[in-house]
Amino acid sequence: MKSAVEQLSTYKSVHLNPQNIKAHFVGVPMIIWSAFLMLGTLRFAWHDYQVSAAMILTVVVLGYYMALHIRLALGLVLFIVPVLYTSERVVHSAHPFIIAISIFVIGWIIQFIGHQYEKAKPAFMDDLNQLLIGPFFLMAELYFMLGLENKLAAEITPIAREKRRALEAKRRP
């Protein structure tokens with residue numbers, strides 16, 4: 001498993017533009033919430049409980065984040081638990097899948113607009129694991145804005161900039 005520094009620096013290498021990062025603070029939560037809603041429609045009985053694929057995903061993804069970086073993962077718990085709760089509430093509405101697809105599409109449009117500012121393709125296009133790193137990256141960015149995890153920020157930023165230079169050098173004829 002790649003370290004948090006490796007994962008974050010790779011993600012940050014195509015997320016250096018402040019406008020792109022702002023777009024991600026809107027688009028990524030929309031995509032996550034809508035994905036949880038879609039997965040929430042996949043349900044099965046376990047003993048006397050109704051369990052959804054979203055509930056299982058929550059446990060697996062939070063475990064992955066805990067393995068990467070415990071303090072960032074704790075922040076993600078504070079984000080993901082309300083996402084799971086609210087999406088579970090909407091699962092029981094009249095048209096949860098239509099709601100989920102609509103928000104999912106809007107979230108991705110916002111993401112791709114952000115990448116127009118960045119002038120770089122999304123990180124997941126080269127590594128699908130980067131889809132899981134998006135929320136992790138945003139939590140790291142939030143921590144950095146709050147003056148937390150400064151050592152981590154100081155470690156990943158130069159690596160990200162070097163990775164970006166290498167990407168841009170590849171694109172030049």
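Modeller: Trp108 counts as buried because its relative accessibility is 18%. Buried means under 20% relative accessible area, exposed means over 50%, and partly exposed lies in between (1.4 Å probe, protein chains only). Phe104, with a relative accessible area of 27%, is partly exposed. Both residues sit in helix α5 (residues 96–118). They are four residues apart there, so about one helical turn separates them. Helices (H or I, at least four residues) and strands (E, at least two) are DSSP runs, numbered from the N terminus.

Some ground rules. This is a predicted model, in which local features need pLDDT of at least 70 and side-chain atom pairs count only at pLDDT 80 or more, while totals for chains, interfaces and linings use all residues. Residues are numbered from 1 along each chain as its sequence is written, and side-chain values use heavy atoms, with hydrogens and water left out.

Now the rings. Searching the whole structure gives five aromatic pairs. One of them is Tyr65 with Phe136: the ring centres are 5.5 Å apart and the planes stand at 15 degrees, so this pair is stacked. Tyr65 belongs to helix α3 and Phe136 to helix α6 (residues 130–145), so the pair links distant parts of the chain, 71 residues apart. Tyr65 and Phe136 are both buried. Phe104 and Trp108 also pair; their centres are 6.3 Å apart and their planes meet at 65 degrees, so they are edge-to-face. The cut-offs are these: rings of Phe, Tyr and Trp (its six-membered ring) pair if their centres lie within 6.5 Å, and planes under 30 degrees apart are stacked, over 60 edge-to-face, the rest tilted. Ring pairs also join Tyr64, Tyr65 and Phe136 into a cluster.

Stay with helix α3 (residues 53–68), which holds Ile56. Ile56 is partly exposed because its relative accessibility is 40%. Leaving out residues up to four places away in sequence, Ile56 touches Phe44 and Val51. Contact means heavy atoms within 4.5 Å.

Next, the strands. β1 (residues 43–46) and β2 (residues 49–52) run antiparallel, joined by four bridges. Strands pair if DSSP finds at least two bridges between them. Arg43 stands opposite Ser52 in β2. The hairpin of β1 and β2 has two residues between the strands, and His47 takes a positive phi near 55 degrees.

Last, helix α7 (residues 150–171). α7 has 22 residues and reaches 32 Å from first C-alpha to last, close to the 32 Å expected at 1.5 Å a residue. The expected span is 1.5 Å times one less than the number of residues. Its buried residues are Leu152, Ala153, Ile156, Thr157, Ala160 and Arg164. They pack against α1 (4–12), α4 (70–91), α5 and α6. Arg164 counts as buried because its relative accessibility is 8%. Beyond four places in sequence, Arg164 touches residues including Ser13, Val14, His15, Leu16 and Glu118.
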